[in-house]
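Open the model in your viewer and keep the selection tool ready. We will go stop by stop, picking something and looking at what is there.

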Number of protein chains: 2
Amino acid sequence: MTQSITISLDAMGGDNGVEVVLGGAEIALKRHPDTRFLLFGKENIVGPALAAHPALAAASEVRHCDVSVEMDVKPSIALRQGRYHSSMWRAIQAVKDGEASVCVSAGNTGALMAMARFCLRTMPAIERPAIAAIWPTMRGDSIVLDVGATIGADAEQLINFSVMGGAMARALFAIQRPTVGLLNVGVEEIKGVEEVRRAGQILRETDLPFIEYIGFVEGNDLGKGTSDVVVTEGFSGNIALKTAEGTARQIAQYLRAAMEQSLLSKIGYLLAKGAFSRLREKMDPSKSNGGVFLGLNGLVIKSHGSASPEGFASAIGMGDAMARNDLQKKLSDDLEQFQNVLVDEPKSKD
Amino acid sequence: MTQSITISLDAMGGDNGVEVVLGGAEIALKRHPDTRFLLFGKENIVGPALAAHPALAAASEVRHCDVSVEMDVKPSIALRQGRYHSSMWRAIQAVKDGEASVCVSAGNTGALMAMARFCLRTMPAIERPAIAAIWPTMRGDSIVLDVGATIGADAEQLINFSVMGGAMARALFAIQRPTVGLLNVGVEEIKGVEEVRRAGQILRETDLPFIEYIGFVEGNDLGKGTSDVVVTEGFSGNIALKTAEGTARQIAQYLRAAMEQSLLSKIGYLLAKGAFSRLREKMDPSKSNGGVFLGLNGLVIKSHGSASPEGFASAIGMGDAMARNDLQKKLSDDLEQFQNVLVDEPKSKD
């Protein structure tokens with residue numbers, strides 16, 4: 001199944017500008033030579049930079065945009081200044097118009113979300129979108145959502161996130177019926193907020209055919225990979241994600257300091273260098289770069305603003321895989337099927 | 001300043017029973033030979049076990065209690081069955097009666113919190129208590145609260161947590177004016193829930209003499225140690241704590257696997273063994289074992305149920321330090337002073 005995929009890129013987004021975007025696209029192109037790119041940005045910047053990447057240039061079309069969205073501007077202002085004309089908006093618009101299957105930007109998260117919502121609108125039955133992240137675990141990768149779009153999601157939203165996370169796991173991991181856990185706290189009596197409890201009850205009762213709800217999971221289950229999908233509201237999800245990143249960085253620093261402490265440990269480090277580089281690769285944040293906006297009428301991926309070309313290529317690769325596996329169609333099918341299950345099962349169980 | 005401290009221990013609490021409690025107390029006694037212990041539990045169990053620890057026996061008094069609180073019983077049932085008579089209750093009661101300066105238990109968290117609230121009651125001006133944890137960071141230790149007692153704390157509670165966390169930092173770390181950050185999410189536009197924003201505004205405006213409010217911090221600031229105290233509501237705090245523990249365990253597993261992968265890496269591991277054991281020590285969860293219940297009329301510390309004797313000794317050590325540094329008095333002074341500042345500053349700034 002090698003269908004050609006077109007990906008729209010906001011060439012002006014990110015802390016490190018067009019070079020990272022083009023460098024990332026070139027790496028992604030080597031992995032999937034049939035990919036096509038639409039590059040949105042200032043022609044006098046993108047054009048000359050692209051000249052250094054002839055293979056990429058042959059697979060790309062540059063679309064000139066006057067306006068770039070600044071990294072630190074407020075979303076409302078970005079929307080006012082950049083609607084219709086900015087490279088970010090037009091990269092999203094390409095997905096809406098069916099010209100591209102997925103849009104990738106390393107720009108300002110809030111602006112990207114605001115524009116994506118405004119341009120693509122939420123899917124039927126979805127009130128608010130979620131941002132999903134790939135989470136490396138002891139057992140392989142999991143999907144965690146929401147990591148920052150919908151603060152304080154209610155029970156219905158948590159259920160929609162479960163269905164969407166499940167569809168993403170099916171598209172990316174090729175699992176028939178992914179397991180889904182609801183993130184909760186383990187202190188008895190106060191076990192969880194009301195909304196999480198209610199969402200759990202409904203997920204259990206509806207017993208959906210395309211996800212397997214396994215109950216509550218806790219923060220330490222994230223690293224264990226207890227479930228394929230972990231669902232939570234955006235505040236705690238964002239804090240969990242950044243806490244894990246911070247802890248990984250902290251331990252890497254401890255490890256470095258420990259290895260530099262004596263001559264023996266330095267020699268040991270040299271001998272075990274291969275093992276350390278495998279470890280570094282395992283912990284490399286660029287390998288799981290990319291937050292996926294779910295619940296909109298089109299796929300948008302947010303790359304870390306400070307991503308390296310390798311990291312940006314990961315975000316593109318994720319978009320590529322989701323497009324090739326028809327994630328957007330899976331999402332709408334699953335959500336529709338879920339609505340039908342809800343209608344078929346009247347509230348008699350209450 | 002060597003004043004003798006009496007600590008009450010729930011000798012029946014924890015997954016591994018009386019041996020861990022007594023083993024931990026013995027280690028703690030070696031560190032502070034002037035400590036006295038009140039041991040609450042079944043005499044026919046505690047008595048014989050204590051015979052193996054003569055030094056500890058000489059510093060301890062055993063108080064017989066018929067009832068033990070099970071590890072998995074619901075707090076409401078524990079309260080019904082164990083009020084007044086259980087080893088857990090009576091260890092707390094000893095603090096209330098002024099016989100002990102602090103109570104330590106490795107028992108059921110929910111039951112311990114329920115009994116502590118019922119027996120000690122909350123301090124004036126405190127509506128709900130918090131659980132504070134010591135968080136090892138790149139910069140030394142920080143204090144994080146609440147890690148699970150008050151789900152969805154409101155602005156006023158977050159401010160009280162800030163004041164109490166500051167008092168704890170002064171007592172434990174001997175810092176004159178600890179820095180305090182409010183945990184928040186960094187996605188623009190949706191920057192934080194209303195309650196966090198309101199708490200931040202009030203903390204900034206009141207400009208307290210005993211804490212330095214530094215603004216919002218994010219999940220990755222926890223590992224960095226950006227502030228001495230990090231304040232959040234119990235749901236996200238519990239998830240952050242367990243996510244960090246899980247990530248540390250995950251990386252330790254990666255590291256082990258990497259070191260076992262080749263002969264060279266095994267030799268490297270042997271040479272760098274000292275460095276690895278320093279690293280292990282740095283990451284050792286038993287070193288920062290102990291959740292401190294703040295906001296009650298008396299100090300109670302919850303040890304991990306599965307703590308080793310070394311871990312239980314850490315929890316005792318923390319209680320010892322807090323008692324010697326008069327944490328309870330600092331808490332009430334600071335809270336009172338804070339109330340005065342609030343009264344002195346009418347709402348003219350709004």
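Start in chain B. Select Val102(B) and Leu299(B): in strand S11(B), Leu299(B) is the bridge partner of Val102(B). Strands here are DSSP runs of E with at least two residues, helices are runs of H or I with at least four, and both are numbered from the N terminus.

Before moving on, note that this is a predicted model: local features need pLDDT of at least 70, side-chain atom pairs count only at pLDDT 80 or more, and totals for chains, interfaces and linings use all residues. Residues are numbered from 1 along each chain as its sequence is written, chains are lettered from A and ligands numbered from 1 in the order in which they are written, and side-chain values use heavy atoms, with hydrogens and water left out.

**Stop 1: strand S4 of chain B**

Select residues 102–105 of chain B, which form S4(B). Its pairing with S11(B) (residues 299–302) is parallel and has four bridges. Two strands count as paired if DSSP finds at least two bridges between them. S4(B) also pairs with S1(B) (residues 6–10), again in the parallel sense, over three bridges. There, Cys103(B) is the bridge partner of Ser8(B).

Now show the side chains. In a regular strand they alternate between the two faces of the sheet. Which residues of S4(B) point one way, and which the other? Val102(B) and Val104(B) take one side, Cys103(B) and Ser105(B) the other, and all are buried. Buried means under 20% relative accessible area, exposed over 50%, and partly exposed in between, with a 1.4 Å probe and protein chains only.

**Stop 2: Met164 of chain B**

Select Met164(B), in helix H7(B) (residues 155–173). Met164(B) counts as buried because its relative accessibility is 0%. Leaving aside neighbours within four places in sequence, its contacts are Ile126(B), Leu294(B), Gly295(B), Leu331(B) and Leu335(B). Contact means heavy atoms within 4.5 Å.

**Stop 3**

Switch to chain A and colour the strands. An open sheet of 11 strands runs S3-S2-S1-S4-S11-S10-S5-S6-S9-S7-S8, with mixed pairing. Its edge strands are S3(A) (60–64) and S8(A) (212–217), each pairing on one side only. Find S4(A) and S11(A), which pair in the parallel sense over four bridges. Ser105(A) stands opposite Lys302(A) there.

**Stop 4: helix H1 of chain A**

Select residues 17–31 of chain A for H1(A), which lies across S1(A) and S2(A) and runs at about 175 degrees to S2(A). Angles run from 0 to 180 degrees between N-to-C directions, with axes fitted to C-alpha atoms, for helices over the stretch in contact. Its buried residues include Val18(A), Leu22(A) and Leu29(A). The buried residues of H1(A) pack against S1, S2, H2, H3 and H13 of chain A.

**Stop 5: where the chains meet**

Show both chains. The contact takes 61 residues from chain B and 62 residues from chain A. Together they bury about 5,300 Å², 73% of it on carbon and sulfur atoms. Buried area is the accessible area (1.4 Å probe) that two parts lose on being put together, summed over both. Select Met138(B), Phe235(B) and Tyr254(B): in chain B, these lose the most area to chain A, together 12% of what that side buries.
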